[in-house]
Amino acid sequence: MDSGKFDQIDVCEERGMRAREVLDLPVTISVVTAARALGMGPNKAYQLIKDGDFPVDMITVGGTKRVLTMALWRFLGLEGLASER
């Protein structure tokens, strides 16, 4: 997973989710929500998952992919802000 593909913090705010919104997310989120936080559409996110290039750790729950919010925070450089809350 090459985090150089994304401009981390700027992407988060550019397409619809501000850092505060990302910090308020529950423990796991849908791929669609994670895609929005990463500034990409869901089709791109699912393609990256299929290719093994999605930049954030996921788990499978009942056949459904869920993104670990802590991993999203880490990728976006928000982990320190999350621990201050």
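## Exercises on a predicted fold

Helix α5 is mostly covered, with six of its eight residues buried. Buried means under 20% relative accessible area, exposed over 50% and partly exposed in between (1.4 Å probe, protein chains only). Helices (H or I, at least four residues) and strands (E, at least two) are DSSP runs, numbered from the N terminus. This is a predicted model, where local features need pLDDT of at least 70, side-chain atom pairs count only at pLDDT 80 or more, and totals for chains, interfaces and linings use all residues. Residues are numbered from 1 along each chain as its sequence is written, and side-chain values use heavy atoms, with hydrogens and water left out.

### Exercise 1. Confidence

Find where the confidence in the protein chain is lowest and where it is highest.

**Solution.** 
- Step 1. Start with the scale: pLDDT is the predictor's confidence in each residue, from 0 to 100.
- Step 2. Take the chain as a whole. Its mean pLDDT is 83, and 76% of the residues reach 70 or more.
- Step 3. Helix α1 (residues 8-14) is lowest, at a mean of 46, and strand β1 (residues 28-30) is highest, at 97.
- Step 4. Look at residues 1-13, where the pLDDT is below 50. Beyond near neighbours in sequence, this stretch has 29 contacts in the model. Contact means heavy atoms within 4.5 Å.

### Exercise 2. The sheet

Work out the strand order and the pairing of the sheet.

**Solution.** 
- Step 1. List the elements. The protein chain has six helices and three strands, in the pattern α-α-β-α-α-β-β-α-α along the sequence.
- Step 2. Apply the pairing rule: two strands pair if DSSP finds at least two bridges between them.
- Step 3. Pair β1 with strand β3 (residues 64-68). Three bridges join them in the antiparallel sense. Ile29 faces Val67 in β3 across this pair, and Ser30 stands opposite Arg66 in β3.
- Step 4. Pair β2 with β3. They run antiparallel, with four bridges. Val61 is opposite Thr64 in β3.
- Step 5. Check the turn. β2 and β3 form a hairpin with two residues between them, and Gly62 in the turn has a positive phi of about 60°.
- Step 6. Write the order: β1-β3-β2, an open sheet of three strands with antiparallel pairing. β1 and β2 (58-61) are the edge strands, each pairing on one side only. From one strand to the next, the twist averages 45°.
- Step 7. Helix α3 (residues 31-38) lies across β1, β2 and β3 and runs at about 90° to β1. Axes are lines fitted to C-alpha atoms, for helices over the stretch in contact, and angles run from 0 to 180 degrees between N-to-C directions.

### Exercise 3. A charged pair

Which side chains meet in a salt bridge?

**Solution.** 
- Step 1. Search the whole structure. One salt bridge turns up.
- Step 2. Name the partners: Arg36 and Glu21, at 3.8 Å, N to O.
- Step 3. Arg36 is in helix α3 and Glu21 in helix α2 (residues 19-23), so the pair, 15 residues apart, links distant parts of the chain.
- Step 4. Arg36 is partly exposed, at a relative accessible area of 39%. Glu21 is also partly exposed, at 34%.

Technical notes. A salt bridge is a side-chain nitrogen of Lys or Arg within 4 Å of a carboxyl oxygen of Asp or Glu.
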